[in-house]
Amino acid sequence: MIDQKSSINNFLNEVNMKVRLSDFIGQYVDLVEKGNSFVGRCPFHNEKTPSFNVNNEKSLFYCFGCKAGGNILNFTTKYKNFTFLEAVDYVSKYAGISFIVDKKTRKVTTHEKIILEILKKANNFFQSNLQDSSEALNYLRSRGLKNDEIKTFNIGFCPEERLLINYLKEKGFEPEDIKKTDLLIKNKNNEFFGRFRKRITFPIFDFSNNLVGFGGRSLIESKIKYINSQESLVFKKSQILFGLQQNLEFIRKEKQLFLVEGYMDVIKLYSYGIKNAVSPLGTTLSEIQLRKMWNYSEVPFICFDGDDAGISASKKIAVKILKFLKPGKSIKFITIPENADPDLFLENKTKIDFLNLRNQSIDLSNLIWEIVKESIKTDTPEFLAIIDEKIKNIIDKIEDRNVSSEYFKFLKAKKDSYIWNINKIQSGNYKLKKVVNVIENTNEKLFISMILLDKNYLTEFHEEIFDIRLVEVNLREELQKILKTFNENPNSTLLNIEKFKETNFKFYQEILDLKRTHLDSLVGDEKKIFFKQILNNLRLPVLINERELIQKEIVEEKNSLISENLLKKYTRISEEIRVIQNKDIE
Ligand SMILES: [Zn+2]
């Protein structure tokens, strides 16, 4: 469809006459007039001195730094993450010039059109055949599919190729044209046979809603269970998201997307009321597919199979998409427990179970840190030095300068805390041998000690501290006293460890010990980070407990309409738990 060169050129000429490119780009980039052109800081790479040029006479932009350049359409596809046709549409609206396909280009696509027409008719044939095949229907029922799914996804059944060929001939298609589709393929003896024969058929649509190919699930014992159409003039796997066509309305409404591996996953999720899954027909993701997903959701979920292959495919995608990251766009990763795929997972679970997986999803940034960390074989300086190299590799991949600088800060902080933790464990082990009395409830005591030693924590983390319920009764009471005193008079001398000297000398000693073993060696922000870790550790049981109660309430809810508030609360708490479990530092 993008072969419409001459009409695109006409369109561009018209746009260029009407639109000053610097006005258009000036909406997104600060430009300053300089000689014959406008200059600014390039939006496509990280730079301090402007090397991004816009020339109105030529209607072109060019960056001397990263060599990005082109016309208004090139700028729009790149800047907005649009496909080419989406950019045409966007620019056409901006300029108020409609894009007209001329006669010449129609001719170019005739051949393509015939193929599309044959596929469409074949699909009708497959669909009506499904109703006559009890074997195929039984299979679909056994997979839990109902009429709704069969109809929505136009599922069909392909019988012997003879019947298909006869049907298509009857519809007026030439045998030569039928052979050009991949409904028939040649075997070793140069004989044509039906590619999808004896298979359940799943029509596949492109982004323009053309039926461009099929997926086929074998009904008979076959070495290959699933097959897809082959790459062709019309079937371009990198430009397809199975399920997008059928689920579009829901996806638009939800602004949320799950990317799953196969079409059965998409259909199974649909049958459970999760009507926002799409599949790239495998585990690779192209730039076009990614941008398409971002058009509908700022942070889609990648939800590949929970086996090793699925996990390693997710990691590959994580690294691949770094290049295309933009502020406000990312992806998250869901791991399906017990090596299952979404289809299998749902066999004995509910919709809520699946949606809950989102709460355990991992951010792209955290997955990237995991990938960086994998290269560290031992915690020796030589290996720790590799981290910097890995971080640099990651940063270099990200073209957007803002995102890349944030990633640098994030990974650097992860590295620092990682190394700091190693040191803490090592020195901690060493010191533990020297401390004669092992202090019980260390976390809780450290927590109180730190509050008393630095009252700023009480102000800064007041709310979080207030929620905490310590396990040890004496400490719990102590904390309540502290909070009460602090509220009444933040400068009270009762908020001082010295007071324990007389009331509880053992505790006083413990505080001093803890200070020496855990706190004195911390410098700069380390102490505050350490405090937050302890705080989070203490909050975790409270949150988990609360979540369990809500979960119980949801399960026991007789009314089929579960309170929205309850679900919201559940999600919020789960999110908090996830943040605590995933992140040491914010
Ligand atoms: Zn540049």
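Contact is taken here to mean heavy atoms within 4.5 Å. The structure is a predicted model, in which local features need pLDDT of at least 70 and side-chain atom pairs count only at pLDDT 80 or more, while totals for chains, interfaces and linings use all residues. Residues are numbered from 1 along each chain as its sequence is written, and side-chain values use heavy atoms, with hydrogens and water left out.

Leu495 is found in the loop between helix H23 (473–488) and helix H24 (500–503), where helices (H or I, at least four residues) and strands (E, at least two) are DSSP runs numbered from the N terminus. At 0% relative accessibility, Leu495 counts as buried; the classes are buried at under 20% relative accessible area, exposed at over 50%, and partly exposed in between, with a 1.4 Å probe and protein chains only.

For the protein chain as a whole, 27 helices and 16 strands are found, and the C-alpha trace spans about 100 × 75 × 50 Å along its principal axes. Of its 586 residues, 47% count as buried, and among contacts between residues at least 6 apart in sequence, 65% join residues at least 24 apart. The accessible surface of the protein chain, from the Shrake-Rupley method with a 1.4 Å probe, comes to about 31,400 Å², of which 50% belongs to carbon and sulfur atoms.

The zinc ion is coordinated by Cys42 (SG), His45 (ND1), Cys63 (SG) and Cys66 (SG) at 2.1 to 2.3 Å, donors being N, O and S atoms within 2.8 Å of the metal (3.2 Å for Na, K and Ca), with water not among the atoms, so that sites may look incomplete. The 4 donor atoms subtend angles of 102 to 114 degrees, and the arrangement is therefore tetrahedral, a label that four donors receive if all angles lie between 85 and 135 degrees. For four tetrahedral donors the ideal angle at a metal is 109.5 degrees. Along the chain, the donors of the zinc ion follow the spacing C-x2-H-x17-C-x2-C. Cys42, in the loop between strand S2 (37–40) and strand S3 (52–55), and Cys66, in the loop between strand S4 (60–63) and strand S5 (69–70), are 24 residues apart, and the pair links distant parts of the chain. Cys42 counts as buried at 0% relative accessibility, whereas Cys66 counts as partly exposed at 29%.

Backbone geometry was also examined. Most residues other than glycine have a negative phi. Lys198, although not a glycine, has a positive phi of about 60 degrees; Lys198 lies in the loop between strand S8 (192–194) and strand S9 (199–205) and is partly exposed, at 29% relative accessibility. Leu281, also not a glycine, has a positive phi of about 60 degrees and lies in the loop between strand S13 (277–278) and helix H13 (287–296), where Leu281 is buried, with a relative accessible area of 8%.

Ser98 lies in the loop between helix H4 (84–95) and helix H5 (103–108) and is exposed, with a relative accessible area of 52%. Not counting residues up to four places away in sequence, Ser98 touches Phe11 and Ser92.

Note on methods:
Tetrahedral: all angles 85-135°; square planar, octahedral: opposite > 155°, others 65-115°.
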